[in-house]
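Here is a quick tour for anyone opening this model for the first time. Take a look at the chains, then read on.

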Amino acid sequence: MSIPVLICDDSALARKQVKKSLPAEWDVEVQFATNGKEALDILRNQQIGVTFLDLTMPEIDGVAVLEANHAEKLVDFIIVVSADIQPEMQKRVIELGALAFIQKPVNTTKLKEILQQYGLL
Amino acid sequence: MQLSDIHSLILQRINSGVLIVDADINLVYFNRFMESHSQLKSEDVIGQSLFDTFPDAPEKWLKRKIQSVLMLNSPAFSSWEQRQYVFRMRHARPVTTSSEFMAQDITFIPVCNQQSNEVEQVCIVIDDVTDVFFYQEKLKDTLAKLEQVSRMDGLTQVANRRFWEERFKIEFASAVRHQNPLSLIMFDMDKFKQVNDIYGHQGGDLVLVEATRLVQSMLRKEDLLGRYGGEEFGLILPNTGGKGALELAERIRKAFQVHPMKFKEHVIHATMSVGVCELDNNFKKYEDLVTRADLALYQSKRDGRNRTTLYRK
Amino acid sequence: MKDIALTEDQRDCLQELINVAMGRASDKLARYLQTFVHLQVPYIELIDSQALPERFAENYAEEGVSLVSQGFYGERGILGESLLIYKSHDAHGIAEILGYEPDDISEVEQLTDISSILTTTFLNGLAEQIDNQLAYSAPRIVSSVDTPLEQHLEQLSFNWDLALKVDISYQVTDYSFNCDMVLLIPGEAIVNIQAVLDQILDEF
């Protein structure tokens with residue numbers, strides 16, 4: 001059965017980039033969200049296996065999504081995909097329960113390693 | 001010739017200083033321009049610290065600059081306008097400047113390892129901009145002279161009317177604000193038309209030049225003499241009341257009447273009529289002082305010339 | 001007037017490239033300045049350069065501003081001029097952030113230094129993503145506190161067709177300063193940039 005995957009980014013290009021970087025052999029069903037609010041709606045109402053989350057978005061940003069997810073214990077597997085790659089930011093999102101932190105644009109090899117590490121692939 | 005040989009030939013012959021330092025800021029390359037201008041030999045400085053090689057260079061600043069290139073993988077710059085030179089060297093420009101050292105524009109360029117793409121060295125390119133420095137200096141001098149000229153009356157070398165009025169406006173405002181005394185002396189050559197008729201315009205000019213020179217010599221630094229019109233002059237006296245202004249006016253008038261002026265085979269004697277006015281609380285603008293000093297001046301003329309009148313309400 | 005409009009896709013693509021470039025620049029800066037740099041989504045806007053003086057006059061009406069300019073040029077016909085605009089009160093204390101002793105460095109040099117660092121780290125981040133290499137001219141102060149900004153912008157808009165306005169707000173711990181970055185780009189370079197964007201869009 002396919003794993004439901006959510007890709008949340010305000011940029012259409014970034015959403016496509018993430019989708020394209022997913023390993024070909026990984027059986028997934030991809031949904032998109034274009035901002036933090038949409039992402040939370042989906043996370044609250046659907047069973048999502050893995051979420052790819054951008055941080056810098058207008059209005060509800062990725063950090064706020066992580067905080068809500070943490071408080072409401074919605075899903076376990078959130079991978080942050082961000083342009084803001086400062087070590088302090090990486091530390092912060094990991095503290096908020098993100099599984100991993102990937103720098104934009106996504107490197108498929110790196111992504112594979114992470115998915116394998118957590119038994120998702 | 002191989003491309004790399006051409007490159008090194010160009011680096012050696014180029015009319016700019018090129019030096020390369022490693023991450024510890026030790027020299028790894030020093031081109032011929034650097035050798036000849038710093039009078040150091042490449043083989044003596046390679047491997048040495050940049051700061052030992054140029055002990056006068058601003059070490060802390062330069063370190064931080066080079067560090068930024070190493071860490072950010074981006075170029076850095078230094079302009080002669082902010083720092084005339086970083087590496088003290090003689091210039092070899094065919095111009096004479098106030099500086100014996102080369103004015104420098106400097107570019108710090110990151111040099112990356114081809115594999116890792118990490119910055120390993122920093123290339124420092126030094127352009128000799130002594131010419132630019134020289135012309136900039138000239139321009140500054142010229143502008144200063146131009147400013148001076150635009151303020152002065154060509155004949156008498158005292159302030160022209162435009163500049164004099166500008167200054168008067170400022171002095172007036174300041175005196176009113178701080179409640180300080182301020183006085184104005186206006187003086188006019190007596191029978192100037194006659195002087196011109198007898199001696200010609202050159203004779204008339206001489207009288208004006210001599211009069212202003214004499215008056216100028218009797219002033220304090222803060223007083224300002226200006227040519228108001230043809231043969232009429234105004235003298236602004238900050239921090240001076242009517243009594244003091246009247247005393248000075250009389251000293252000037254008396255000194256001028258006994259001041260003979262040699263013109264060709266002649267000796268010209270001339271006199272002036274003077275009007276004095278001091279600042280009053282009712283005055284709204286500096287022109288109020290001018291009008292009243294002028295009234296006093298005409299009174300002196302009417303009373304028979306070669307005298308001083310203090311304006312009274 | 002040249003047709004300079006970007007399509008929605010091109011715009012989105014450029015915005016994303018700029019976001020990533022900003023992220024990389026901030027990371028480098030944070031390491032260099034040894035502090036955390038707060039990153040905001042930069043707002044980009046393409047405007048006719050003739051409209052620049054008016055736009056900035058509104059923004060900086062009441063205050064003295066400093067304007068630093070730096071040229072850049074790269075491969076495939078990409079070139080332009082970067083302008084950084086600071087409000088005067090933001091221009092003080094930059095020496096401290098940069099790690100210089102205040103006595104080591106004049107105010108003008110502080111401004112040219114920080115401008116050059118912001119411009120080159122940001123544009124390098126942009127260039128990396130499109131496999132380009134940029135070179136830069138030395139930064140120059142073109143206006144300072146006493147000169148009206150509009151005058152300078154009018155002059156500049158005469159030379160350039162289009163302005164890419166990127167609002168960058170840099171905040172570092174214990175200290176914040178804001179500046180506007182404007183990339184001035186001639187019409188023919190815009191066409192080249194559009195080609196690059198289309199190429200990226202084709203890949204996805």
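How many residues of chain C are in contact with chain A, and how many of chain A with chain C? The contact takes in 20 residues of chain C and 21 residues of chain A. Keep in mind that this is a predicted model.

Put together, chain C and chain A bury about 1800 Å², and carbon and sulfur atoms give 62% of that. On the chain C side, the trio C:Glu16, C:Phe36 and C:Phe204 supplies 35% of the area that chain C buries against chain A, more than any other three residues.

One of that trio turns up again in a charged pair: C:Glu16 forms a salt bridge with A:Lys104, with the closest N and O atoms 2.7 Å apart. The count of salt bridges between chain C and chain A is 1. There are also 6 residue pairs in polar contact between these chains, with both residues at pLDDT 80 or more.

Which parts of chain C do the touching here? Helix 1 (8-33) and helix 7 (187-203) of chain C each supply at least two residues to the side that touches chain A. Helix 1 gives the most, with 11 residues.

**Where chain B meets chain C**

Over at the other contact, 17 residues come from chain B and 27 residues from chain C. The area buried between chain B and chain C is about 1800 Å², with 53% given by carbon and sulfur atoms. Here B:Arg64, B:Leu72 and B:Phe77 supply 38% of what chain B buries against chain C, more than any other three residues.

How many salt bridges link chain B and chain C? The count is 3. In one of them, B:Arg83 pairs with C:Glu109, their closest N and O atoms being 2.8 Å apart. Over all chains, the count comes to 28 salt bridges.

Polar contacts join chain B and chain C too, with 7 residue pairs at pLDDT 80 or more for both partners. Helix 5 (residues 59-72) of chain B gives the most to the side of chain B that touches chain C, with 8 residues. That side of chain B divides into 5 nonpolar, 6 polar and 6 charged residues.

| Salt bridge | Closest N and O atoms |
|---|---|
| A:Lys104 with C:Glu16 | A:Lys104 to C:Glu16: 2.7 Å |
| B:Arg83 with C:Glu109 | B:Arg83 to C:Glu109: 2.8 Å |

**A sheet in chain A**

Now for chain A on its own. An open sheet of 5 strands has the order 2-1-3-4-5, with parallel pairing. Why is one side of strand 2 (28-33) and of strand 5 (100-103) left without a neighbour in the sheet? Both stand at the edges with a single partner strand each, so one side of each has no neighbour there. From one strand to the next, the twist averages 20 degrees.

Further in, strand 3 (residues 50-53) and strand 4 (residues 78-82) of chain A pair in the parallel sense over 3 bridges. For A:Leu53, the bridge partner in strand 4 is A:Val80.

Key:
Residues are numbered from 1 along each chain as its sequence is written. Chains are lettered from A and ligands numbered from 1 in the order in which they are written. This is a predicted model: local features need pLDDT of at least 70, side-chain atom pairs count only at pLDDT 80 or more; totals for chains, interfaces and linings use all residues. Side-chain values use heavy atoms; hydrogens and water are left out. Two strands pair if DSSP finds at least two bridges between them. Helices (H or I, at least four residues) and strands (E, at least two) are DSSP runs, numbered from the N terminus. Axes are lines fitted to C-alpha atoms, for helices over the stretch in contact, and angles run from 0 to 180 degrees between N-to-C directions. Contact means heavy atoms within 4.5 Å. Buried area is the accessible area (1.4 Å probe) that two parts lose on being put together, summed over both. A salt bridge is a side-chain nitrogen of Lys or Arg within 4 Å of a carboxyl oxygen of Asp or Glu. A polar contact is a pair of N or O atoms within 3.5 Å; within protein, one must be able to donate a hydrogen and the other to accept it, and residues adjacent in sequence count only if both atoms are side-chain atoms. Ala, Val, Leu, Ile, Met, Phe, Trp, Tyr, Cys and Pro count as nonpolar, Asp, Glu, Lys and Arg as charged, and the others, Gly among them, as polar.
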